[in-house]
Amino acid sequence: MPQANMPKDWEPPAPAWSARFDKRVTHVVIGYFAVQQRQSQTIGFHHWFHQCLQQSGAPERVERGNFTDNQDCYNDVFIAYWTDEGAFERWRSSDIFRNWWDAAERKTETQGYWCEILRVPVERLETLASSESQDGVSAAAPTIEGPIREHGYWGGARDRLAASASDDLATEVESLSGKVVDSHGQRLQIRPPHNLCLLRSAQNWSACQGEEREVYTQKVHPVLQQGMRYLVENPEESGCCSCRFMDETSVAGEVQDKSFGMVWFLSLEHLETWAKTHPTHLAIYGEFMAMVERFNFQTALQLWHEGVVVEAQHAHFEYVNCHSATGLLPYFDSVSI
């Protein structure tokens, strides 16, 4: 059925697929768990997290990425997915998790730690992929539907969000204003505003060969990096609260030809405005379309994303001994816990 933003008689320029959850799944849980390294090795964090993966209620899907932030700190990030909230609560309440994560000494080490955990109703989640390959939250979904029509036009992401049929998903905060937080040696929890929007947008060029690989790595990927850099450097103009452009690795840490952006916007509208109007995103879109048209829409490049609009009461942002520019710390009130 045509959606609110879909042009009349719309036919997408290329096929795409989307995850579908059955009625037993009302929420998904998405957790980002990271170490922020300043000067020492982080063996303890990695050993702890891999131990956690052996506990009851362990996530159904785990992925991993890393990036160097604008304070020159290396961040190593595990991304975990659950479709069973009860399993997540068992896992998070386990002694293995709590005895290490909650320990007072985490605040006195040379590295920092952060987690961002979201409980998302499925009607506030949308996914899109250029193939039937399942990644991210889609890997925990029972089925992939497609090809679908709700993509390839401005406003397609909003149309894929079931909640948008009855909710404008607007923010209560009009703009960002940064501040410096005394965060070292602290365990801080953010109080986020309602309807923050998170986009995880991923690229996989591991199967690209020859000319296609050359075009992607030399033309498309550099423009993508420029767009991510703009978001990092211009939060107040863009409404981007946090942009982490990561190299994706295997869970064991092996290098892969994959990347993804983890980008927090004040609202879905702020994301839409950047995507539709800003030169940096229009350049990304233009280079990508030029590439797929060059190869007659037959490419080995795989793209996918997942987008969520988060209810404030179902988001947990915790920063332990992190620098003051980490995540959402510069923009929203925090409490020491």
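Select Glu318, which counts as buried at 5% relative accessibility, where buried means under 20% relative accessible area, exposed over 50% and partly exposed in between, with a 1.4 Å probe and protein chains only. Glu318 lies in strand β13 (residues 315-320) and Arg187 in strand β8 (residues 187-190), 131 residues apart, strands being DSSP runs of E with at least two residues and helices runs of H or I with at least four, numbered from the N terminus.

This is a predicted model, in which local features need pLDDT of at least 70 and side-chain atom pairs count only at pLDDT 80 or more, while totals for chains, interfaces and linings use all residues. Residues are numbered from 1 along each chain as its sequence is written, and side-chain values use heavy atoms, leaving out hydrogens and water.

Next, select Glu272 and Arg158, whose side chains meet in a salt bridge (2.8 Å, N to O). Glu272 belongs to helix α7 (residues 268-277) and Arg158 to helix α4 (residues 156-160), 114 residues apart. Here Glu272 is partly exposed at 23%, whereas Arg158 is buried at 16%.

Finally, select Arg61, Glu63, Asp135, Arg200 and Glu248, which a network of salt bridges links. Within this group, Glu63 is buried at 4%, and Arg61 is partly exposed at 25%.

Definitions and conventions
Salt bridge = Lys/Arg side-chain N within 4 Å of Asp/Glu carboxyl O.
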